[in-house]
Amino acid sequence: MSICNTNRHDCAVDHRISAVLRVAAQFVASLALLAWTPAFALAQPADAQYGPELEEFDYPYPVQHFAFTSQGQAMSMAYMDLAPASPNGRTVVMFHGKNFCSASWDTLLDRLRDAGFRVIAVDQIGFCKSTKPDHYVFTFQQLAANTHALLASLGISKVTIVAHSTGGMLGMRYALMYPGEVEQLAMISPIGLEDWKAKGAPWLSLDQWEARERKTNATALRTYERNTYYGGTWTPAYERWVQMYAGMFAGPGKDLVARNSAALYDMIYTQPVFYEFEQIKTPVVLLIGDKDTTALGKDTAPTAVRETLGHYPDLGKAAARRFPNAKLIEFPDLGHAGWLQDPEHVGRALVTSLIGTGP
């Protein structure tokens, strides 16, 4: 209730002040209500725009470039090279996933280096800060050979591979191509533990993939990653990786980025390593987030097929039985990007697994 004296001017002023206070109180109450809604929790400032080689996006350590020629074209492969203070004599090479870059390993880089490993974190051709060729025949063999050439230029002949998602498929191919040079293969929620095509996920043409990739944006990516990568959870720290990836599809080189991305999806779909697990003699560590549901082509598959895809608790166990020398570590509450969800738990499990093998 408003209280004023008999002066009309004083009463008018008092009523105006009361009205302002009521509006302010309603605004504060609205903010409090919105703060509890998922939409408000995911609200973000203007989306980033980066160049085709992720220009203007900062990596946690200096980026170097390996220049070479492939398929008649000049290439530049970006990588970070971290030297340990107390070397243990081993080198870890890190293979990122389809929607991530080597920068995304930042929570693990220091942990591995502090454990004595030299760490080489690579951006593959077609990804992130590396070359996006106009035309390129993408194969896992080609990407493995590119990486092998980089390592040879650095004088590295023995490696331990740490890989995520699509990087897991590449890591397995690398171990098959260079079996005497891989001491250990550790994979965090790798894809390729099932053959989506054989299960009924429909084939898409390069044109169809490119049309889909041109629609990539931060809003859609954020929703997908929250549900699949982070088990339905979200923290502000994850936004950096949304902006990193989606920013390339919004920047001046977006057409080239979308074309490369389409070709990479075609590579993933058409080149399964699923049928060769038994041939991988390298010691394998599988770190599986049981809330992961990633499966290529899942959104375009018929409902009956979709329901059979991406069951990681089953996929991890089945794969571990097929590798000749495998250890399975499961994280019941984590999704596809477990090392970002729980850096301490996943990082400790990874390092413990790695230091138990090798010279």
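This is a predicted model: local features need pLDDT of at least 70, side-chain atom pairs count only at pLDDT 80 or more; totals for chains, interfaces and linings use all residues.

Student: Why is Pro-60 called partly exposed?

Tutor: Its relative accessible area is 34%. Buried means under 20% and exposed means over 50%, with partly exposed in between, so Pro-60 is partly exposed at 34%.

Student: What is Pro-60 in contact with, leaving aside its neighbours within four places in sequence?

Tutor: Met-80, Ala-103, Asp-106 and Leu-109. The C-alpha atoms of Pro-60 and Ser-104 are separated by 9.0 Å, and these two residues are 44 residues apart along the chain.

Student: Glu-56 is found in the loop between H2 and S1 too. What makes Glu-56 exposed?

Tutor: Its relative accessible area is 71%. The cut-off for exposed is over 50%, so Glu-56 counts as exposed. Glu-56 also has a positive phi of about 80 degrees, although it is not a glycine.

Student: And Cys-128, how do you know that it counts as buried?

Tutor: Cys-128 comes out at 1% relative accessibility. Buried means under 20%, so Cys-128 is buried. You will find Cys-128 in the loop between strand S4 (118–122) and helix H4 (140–153). Its phi is positive, about 55 degrees, although Cys-128 is not a glycine.

Student: Now the rings. Why is the pair of Phe-57 and Tyr-59 called edge-to-face?

Tutor: There are two values to check. The ring centres of Phe-57 and Tyr-59 are 6.1 Å apart, and rings pair if their centres lie within 6.5 Å, so this is an aromatic pair.

Student: Are Phe-57 and Tyr-59 buried or exposed?

Tutor: Phe-57 has 5% relative accessibility and Tyr-59 has a relative accessible area of 12%. With buried set at under 20%, both residues are buried.

Student: What makes Lys-98 count as lying over the face of Tyr-265?

Tutor: Lys-98 is 4.2 Å from the ring centre of Tyr-265. The distance limit is within 6 Å, and the charge must also be within 35 degrees of the ring normal. The 4.2 Å value meets the distance part, and Lys-98 is listed as lying over the face. Arg-322 has its charged end over the ring of Phe-274, at 4.7 Å from the centre.

Student: How do you know that Glu-239 and Gln-243 make a polar contact?

Tutor: Their side chains are joined at 2.6 Å. A polar contact needs N or O atoms within 3.5 Å, one able to donate a hydrogen and the other to accept it, and the 2.6 Å pair is such a contact. Glu-239 belongs to helix H9 (residues 239–248), and at 8% relative accessibility Glu-239 is buried.

Student: Which residues have the most contacts inside the largest nonpolar core?

Tutor: Met-94 and Leu-112, in a core of 110 residues. Helix H10 (residues 254–270) supplies the largest share of this core, 8 residues. Leaving aside neighbours within four places in sequence, the contacts of Met-94 include Trp-105, Leu-112 and Val-162.

Conventions. Residues are numbered from 1 along each chain as its sequence is written. Side-chain values use heavy atoms; hydrogens and water are left out. Rings of Phe, Tyr and Trp (its six-membered ring) pair if their centres lie within 6.5 Å; planes under 30 degrees apart count as stacked, over 60 as edge-to-face and the rest as tilted. Buried means under 20% relative accessible area, exposed over 50%, partly exposed in between (1.4 Å probe, protein chains only). Helices (H or I, at least four residues) and strands (E, at least two) are DSSP runs, numbered from the N terminus. A nonpolar core is a set of buried Ala, Val, Leu, Ile, Met, Phe, Trp, Tyr and Cys residues joined through side-chain atoms within 4.5 Å. Contact means heavy atoms within 4.5 Å.
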